[in-house]
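Please read the notes below next to the model. They are grouped by topic.

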Amino acid sequence: MGIEYDGSAFRGWQIQVGVRSVQATLEEAIGRVADHRIRVQCAGRTDAGVHADEQVVHFDTAARRSERAWVLGTNVNLPPDVAVRWACPVDPQFHARFDAQARHYRYLIMVRATRSPLQRDRAVWSHRPLDIERMHEAGQALVGVHDFSSFRAVACQAKSPIRHLHYLELSAIDGLVQLRVGANGFLHHMVRNIAGVLMTIGRGEAPVDWTRELLELRDRRLGGVTAPPQGLYFVRAEYPEGFRLPPGREPAPSTDQHNVPRSCL
């Protein structure tokens, strides 16, 4: 299934005792359609306040339902802040997490003098101008295969800090800055830590080469501020074509460097 959700009122994806989670909410709704208890696995767990355009999940069931019935039946049993976008049968060996070849995120920053009530849970507010050119230049040092120890949470449980960041792009429309990143995998808080560093550089509080310095230091204690979760969106995951999943709706990243904004907001 492809799942879209507003993470504002959830304490994150993963089931936790006594709090509202996306996983528990989804499992209960699917279970009503399947008429038995369901356990789902996702492509990438999200923290409290983080949203998803197309979180991919898989589950095992002996129930026979049409794809339409899985989608409509589950959505009837879901609250307004979660919805199933699509459903399809997959190979029994498919795993939403371990078969993902790449993951994509975006981070939204509202840049203006006053806060936006309409964007309060959708984007992070920066009342100070951001120099997008500096942010883009700094971000390119992160593209490629690196040790991202300075950009992982202290409590991150990943066995290796090595990740391949495929691209990092920035764009801005009417004061809304969008940071887009894709990689073979992300460490805990990695995107939020990258966003926090780039925002610091964009405000002129750190040099452009700070990202390169942090990579070399490999020390999270020197890695700057973790940006808030409200601006973060899990966009999609990529899988081998043989699984025949519906294509993601997010367009491929631009390789035309002339499209990079060169002005300050």
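1. Helices (H or I, at least four residues) and strands (E, at least two) are DSSP runs, numbered from the N terminus. The model is predicted, so local features need pLDDT of at least 70 and side-chain atom pairs count only at pLDDT 80 or more, while totals for chains, interfaces and linings use all residues. Residues are numbered from 1 along each chain as its sequence is written, and side-chain values use heavy atoms, with hydrogens and water left out.

2. The UniProt record, an unreviewed entry, places "domain: Pseudouridine synthase I TruA alpha/beta" at residues 4-99 and 140-240. UniProt positions follow the numbering used here, feature names are shortened, and annotations may be inferred rather than shown by experiment. Residues 4-99 are 24% helix and 18% strand, and their end C-alpha atoms lie 20 Å apart. For residues 140-240 the figures are 21% helix and 31% strand, with 27 Å between the end C-alpha atoms.

3. A separate division of the chain gives domain 1 (2-86) and domain 2 (102-239); these bounds come from an automatic or database domain assignment. The C-alpha centres of domain 1 and domain 2 are 27 Å apart. Their contact (heavy atoms within 4.5 Å) takes 15 residues from domain 1 and 16 residues from domain 2.

4. Between domain 1 and domain 2 about 1200 Å² is buried, and carbon and sulfur atoms give 47% of that. Buried area here is the accessible area (1.4 Å probe) that two parts lose on being put together, summed over both. On the domain 1 side, Ala 43, His 51 and Asp 53 lose the most area to domain 2, together 39% of what that side buries. There are 3 salt bridges between domain 1 and domain 2, a salt bridge being a side-chain nitrogen of Lys or Arg within 4 Å of a carboxyl oxygen of Asp or Glu.

5. The largest nonpolar core has 72 residues, and among those with the most contacts inside it are Met 1, Leu 26, Trp 70 and Tyr 239. Helix H4 (residues 190-202) supplies the largest share of this core, 8 residues. The core draws at least three residues from each of domain 1 (2-86) and domain 2 (102-239). A nonpolar core is a set of buried Ala, Val, Leu, Ile, Met, Phe, Trp, Tyr and Cys residues joined through side-chain atoms within 4.5 Å. Buried means under 20% relative accessible area, exposed over 50%, and partly exposed in between (1.4 Å probe, protein chains only). Leaving aside neighbours within four places in sequence, Leu 26 is in contact with Ile 3, Trp 13, Val 40, Val 57, Thr 74, Leu 78 and Val 84.

6. Which residue does UniProt list for "binding site"? The unreviewed entry gives Tyr 105, which lies in strand S5 (residues 102-111). Tyr 105 is buried, with a relative accessible area of 9%. Beyond neighbours within four places in sequence, its contacts include Leu 179, Arg 180, Phe 186, Val 191 and Tyr 233.

7. Leu 108 also lies in strand S5 and is buried at 9% relative accessibility. Leaving aside neighbours within four places in sequence, the contacts of Leu 108 include Arg 122, Val 124, Leu 176 and Gly 231.

8. Arg 192 lies in helix H4 and Asp 47 in the loop between S2 and strand S3 (51-58), so the pair ties together parts 145 residues apart in sequence. Arg 192 is buried at 11%, whereas Asp 47 is partly exposed at 26%.

9. Asp 35 and Arg 218 deserve a look at the backbone. Asp 35 has a phi near 65°, a positive value in a residue other than glycine, and is exposed at 67% relative accessibility. Arg 218, also not a glycine, has a positive phi of about 55° and is exposed at 53%.
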